[in-house]
Amino acid sequence: MKTYTDVAMFSVEVTDKMISNEALHKKTPQEITALLYEACLDNLELAKQAMETKDLMVANQKLQKANDILHRLGVGINYEAGIVADQLDSLYNYLADRVVQANYEKDPTIVDEVIKNVELIATSWNTAQKKNSDKQPKAMKQKANAYEKNIMFE
């Protein structure tokens, strides 16, 4: 069964597990991004299944959720990262446009195209996270992040 959790005024669909707000707030931004990729893929797969069974209302809802996730992933990009950030933003926008087109045409082949691209991005993201050799403990990073957010710059 699918469950929903509020993430900064946004519902994230998480497969077969419930994540409390407390547990979610303990996740790093990178882990939340991975959850968003997973939720996007889940919604795309469910939309494709709904199209195949001619349940167009469900297909519409799931494609809208996937589109919303893609837009929110774009909002979370750190544009100080350079050209890669700009290219990723363009890719998210392209995929969101394709989701809209798939929803309008009710075309599962377009959904397949989006799924393949999101899977590639998610796989790359997860691989990068595994290879990240940051030695600082998660609790220390969270304290540092909380401190940095409250620093006043002159």
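I read the protein chain along its sequence and noted the pattern β-β-α-α-α-α-α-α. I count six helices and two strands (DSSP runs numbered from the N terminus: helices are H or I with at least four residues, strands E with at least two). The model is predicted, so local features need pLDDT of at least 70 and side-chain atom pairs 80 or more, while totals for chains, interfaces and linings use all residues. Residues are numbered from 1 along each chain as its sequence is written, and side-chain values use heavy atoms, without hydrogens and water.

I looked up burial next. Of the 154 residues in the protein chain, 31% are buried (under 20% relative accessible area, 1.4 Å probe, protein chains only).

Then I turned to helix α5, residues 108-131. Its 24 residues should span 34 Å at 1.5 Å a residue (1.5 Å times one less than the number of residues). The end C-alpha atoms are 34 Å apart, which agrees.

Which residues of α5 are buried? I found Ile110, Val111, Val114, Ile115, Val118, Ile121 and Ala122. The buried residues of α5 pack against α2 (29-52), α3 (56-75) and α4 (83-105).

I checked α4 against α5. They pack at about 155 degrees, with axes 9 Å apart (lines fitted to C-alpha atoms over the stretch in contact; angles run from 0 to 180 degrees between N-to-C directions). That makes α4 roughly antiparallel to α5 (over 145 degrees). For the contact (heavy atoms within 4.5 Å), I noted residues including Leu91, Tyr92 and Arg98 of α4 and Glu113, Asn117 and Ile121 of α5.

Note on methods: Buried means under 20% relative accessible area, exposed over 50%, partly exposed in between (1.4 Å probe, protein chains only). Angles under 35 degrees count as roughly parallel, over 145 as roughly antiparallel, 65 to 115 as roughly perpendicular and the rest as oblique.
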